Amino acid sequence: MAFFRFRFLSILLLFLSCSDGIKISKFDRDEQYRAISEHTLFTGKLSYIAIQFLLEKEEWEDFLAEPKLVIQDLVLDYQNRKEPKTALIIAELSYYLAQNQKERKDEFLEYTGTSIYHSYAYLFFSKDADSPQYLPDFRRACDYYNRSLSNLINALRIKNLSTDIDFLQIPMVYGAIYAKFSKPNFSYFPDQFEDIHSTYDFKIEGLSSYQSEYGLGVPIVLTSKYEKNKPKEDNPHLKNTYENAMPATFFLEITSPENKTPELENFFEFHGKTEIFDTLKVNHIKVRNKTIPLEKDFSTPFAFLMYNREKVGGIEAALNAKLLDTDQGMYMLESYQADKIPIVFVHGLMSSPYTWIDMINYLYGIPEIRERYQFWVYWYPTGNPIYYSGYRFRETLRSLRDKYDRNHTNPHFKKMVIVAHSMGGLVSKLTALNIKESEWLESIIVNPNDLDKLSTKDRTLLKNMLHFEAQDFTKKFIFIAVPHGGSKLAETWWAQGFNSFIRLPEKAWGGLQGILNTLTYKLSLSQIQTRSIPTGVESLRPDSTFIQVTRNKKFPKDVEFHSIHGVSENLPLLSRKKVMYMFDKKEWESSLGWSDSVVNYSSSYLEGAKSNLLLKGNHSVHRNPLAIREVIRILEEHIR
């Protein structure tokens with residue numbers, strides 16, 4: 001009896017175990033997407049799709065014991081049937097194994113090469129599938145190709161690619177890829193570069209946005225020390241001593257899908273070519289009659305370029321201009337290119353070119369902008385008299401034009417755009433105004449007739465520094481929070497205290513001091529210093545000589561400028577509307593009292609602007625994403 005009872009319970013349990021039933025429960029938010037999307041690149045573990053594939057082929061246990069043999073079997077299977085799924089599974093399995101074999105270089109390279117080939121094969125050699133770009137597998141194949149190619153770059157630590165390497169031999173578990181190395185041909189980059197870095201390896205901080213684009217290939221940074229690879233710069237105005245860091249994309253094209261070597265029955269020989277594409281100019285390439293977008297990264301190379309380059313902070317440079325006097329000049333973020341329009345960024349008081357990093361980084365992300373423009377930043381000590389900074393800025397631009405456009409015929413140079421913030425607008429606009437030196441002297445009670453007392457040398461120096469003529473290549477300006485009418489903050493006690501600490505370099509003061517001592521012999525030395533040669537801070541006073549002379553000066557008719565203003569007050573109009581264009585003088589008159597906390601709108605307003613954009617924000621409005629979008633709009637309009 002006990003036996004039959006035991007037998008009955010056993011049968012009952014068997015039936016119960018076969019009828020557990022189906023259970024349904026709700027996923028948490030996006031949990032289902034994560035569950036079906038997880039794979040090696042996300043988790044470091046194999047996807048359930050890869051495991052299921054091996055289970056169905058009864059090779060899961062073999063893979064755990066002898067993974068290389070299983071990969072070889074799958075490679076042969078793929079070469080016979082060209083099934084897309086098999087190619088993608090091989091790519092994932094090989095990438096997974098490579099990541100776990102980093103200490104064993106030979107096997108790491110074999111698995112990496114196998115992943116590169118089969119992810120590429122999925123994309124280009126496999127049987128056509130309906131709309132493969134809509135399948136998640138398609139992007140996954142792109143990622144395995146890009147990341148495996150990145151692993152290859154890091155494994156080889158390629159050096160001096162432009163001279164030392166003609167071919168790359170990339171091993172696979174079954175065969176090899178023989179790739180011809182096409183030497184990069186960047187007209188603006190040194191013939192040799194020092195190193196190549198995959199941008200996948202670097203995390204950057206300090207930028208408000210990350211500019212990158214999906215596609216195929218590995219985004220890289222090409223670096224080369226400027227001093228080592230180029231002749232010593234003979235132009236004192238060009239201060240590009242940065243380590244060059246250029247964005248590019250490394251791509252391996254496999255030109256033949258297979259070539260079985262007769263001598264080695266099971267050895268497959270594949271051929272291809274590698275290329276480095278200039279992503280400042282190239283967005284797409286042709287592969288097997290398909291237009292393919294390149295994967296691109298602009299923020300990481302830009303971070304390489306700007307990292308730890310600020311020798312002197314803006315406040316320190318304003319107080320002691322001698323610290324920055326030798327470094328004053330133009331810094332090109334890419335070497336000069338005759339087929340691109342220069343954009344020159346000029347910073348404001350107590351600032352530096354670093355104030356532009358968010359805007360420039362954003363501009364790199366706009367294909368039309370990076371293809372048609374080149375970015376330059378101008379660095380100057382803001383404690384210097386503004387007219388002196390304007391004189392140095394003008395001479396820098398003239399010198400660069402003589403160097404790069406000797407015959408003054410390049411239409412791109414003539415389309416130069418100057419983007420200036422705060423004091424930078426006062427400095428840069430002197431290149432587009434006509435001002436005689438007598439106008440400055442009359443404003444400080446100097447009789448122009450007394451100029452005859454000066455020597456030829458002193459007369460020339462005075463004319464160089466105080467005589468301005470509109471240049472024929474500075475005809476496009478974007479003024480951002482520029483105090484054309486001065487700033488009352490420059491009259492405050494703390495501004496006067498700050499001003500007392502400013503030390504001017506001999507170039508900005510010494511020569512003119514002797515000249516003005518001759519011309520203003522009736523004035524005391526203290527009067528000459530305070531009334532004749534004001535510092536950059538003093539020049540911002542609404543009643544200063546600089547503002548009085550320049551405020552109502554008209555630009556030539558062929559000069560075009562746009563204005564962007566910040567308004568920090570919580571005005572009803574701007575609380576409803578974050579962006580407002582203003583063109584009417586009456587609207588300007590009704591805005592008296594508006595301010596960005598440093599510059600009043602009545603001061604930053606300049607009659608004749610093609611556009612006036614008001615944004616809700618403070619004096620650092622040039623960092624506002626809406627201001628950056630406005631700059632982009634103006635730049636795009638400029639090249640249409």
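**Group meeting talk: a walk through a predicted fold**

Hi everyone, let's start in a loop: Leu 216 is found between strand E4 (212-213) and strand E5 (218-225). Before I go on, please keep in mind that this is a predicted model.

So, is Leu 216 buried or exposed? With a relative accessibility of 4%, Leu 216 counts as buried, because the cut-off for that is under 20%. What does Leu 216 touch, once we set aside residues up to four places away in sequence? The list includes Leu 123, Phe 124, Cys 142, Tyr 145 and Asn 146. It also includes Thr 249 and Phe 251, and then the run Ile 292, Pro 293, Leu 294 and Glu 295. There is a C-alpha distance to go with this: Leu 216 and Ile 285 are 69 residues apart along the chain, and their C-alpha atoms are separated by 9.6 Å.

Let me step back to the whole protein for a moment. The protein has 29 helices and 18 strands. Of its 640 residues, 54% are buried. If you take the contacts with a separation of 6 or more, 79% of them come from residues 24 or more positions apart.

Now to some helix packing. Helix H7 (residues 84-99) and helix H8 (residues 105-124) pack with their axes 8 Å apart, at an angle of about 155°. Angles over 145 degrees count as roughly antiparallel, and H7 and H8 are therefore roughly antiparallel to each other. Their crossing is left-handed. Who makes the contact? On the H7 side the residues include Pro 84, Ala 87, Leu 88, Ile 90 and Ala 91, and on the H8 side they include Phe 108, Tyr 111, Thr 112 and Thr 114. By type, the residues of this contact divide into eleven nonpolar, seven polar and no charged.

Thr 112 is buried, with a relative accessible area of 2%. Leaving aside neighbours within four places in sequence, Thr 112 is in contact with Ala 98, Ser 148, Asn 151 and Leu 152.

Here is another helix pair for comparison. The axes of helix H12 (residues 299-306) and helix H15 (residues 357-364) come within 10 Å and cross at roughly 145°. H12 passes H15 in a right-handed crossing. The contact is made by Ser 299, Phe 302 and Met 306 of H12, with Ile 357, Ile 360, Asn 361 and Tyr 364 on the H15 side. That gives five nonpolar residues, two polar and no charged.

In the loop between strand E12 (341-346) and H15 we find Thr 355. At 6% relative accessibility, Thr 355 counts as buried. Not counting residues up to four places away in sequence, Thr 355 touches His 347, His 622 and Arg 623.

Helix H21 (residues 456-466) has Leu 462, Met 465 and Leu 466 as its buried residues. Seen down the axis of H21, these fall within an arc of 80°, so they line one face of the helix. As a reminder, an α-helix has 3.6 residues a turn, so residues three or four places apart point the same way. On the other side of H21, Thr 456 and Lys 457 are exposed.

Most residues other than glycine have a negative phi. Ser 422, however, has a positive phi of about 55°. Ser 422 sits in the loop between strand E14 (417-421) and helix H19 (423-429), and at 8% relative accessibility it counts as buried. Ser 597 also has a positive phi, near 90°. Ser 597 is in the loop between helix H27 (585-589) and helix H28 (601-604), and at 45% relative accessibility it counts as partly exposed.

One last stop: Glu 194, in the loop between strand E2 (175-181) and strand E3 (195-198). At 27% relative accessibility, Glu 194 counts as partly exposed. Glu 194 and Thr 223 are 29 residues apart in sequence, and 5.7 Å apart in space from C-alpha to C-alpha.

Methods: Residues are numbered from 1 along each chain as its sequence is written. This is a predicted model: local features need pLDDT of at least 70, side-chain atom pairs count only at pLDDT 80 or more; totals for chains, interfaces and linings use all residues. Side-chain values use heavy atoms; hydrogens and water are left out. Helices (H or I, at least four residues) and strands (E, at least two) are DSSP runs, numbered from the N terminus. Buried means under 20% relative accessible area, exposed over 50%, partly exposed in between (1.4 Å probe, protein chains only). Axes are lines fitted to C-alpha atoms, for helices over the stretch in contact, and angles run from 0 to 180 degrees between N-to-C directions. Angles under 35 degrees count as roughly parallel, over 145 as roughly antiparallel, 65 to 115 as roughly perpendicular and the rest as oblique. A crossing is left-handed if the near helix is turned anticlockwise from the far one by less than a right angle, and right-handed if clockwise. Contact means heavy atoms within 4.5 Å. Ala, Val, Leu, Ile, Met, Phe, Trp, Tyr, Cys and Pro count as nonpolar, Asp, Glu, Lys and Arg as charged, and the others, Gly among them, as polar. The arc is that of the directions from the helix axis to the C-beta atoms.
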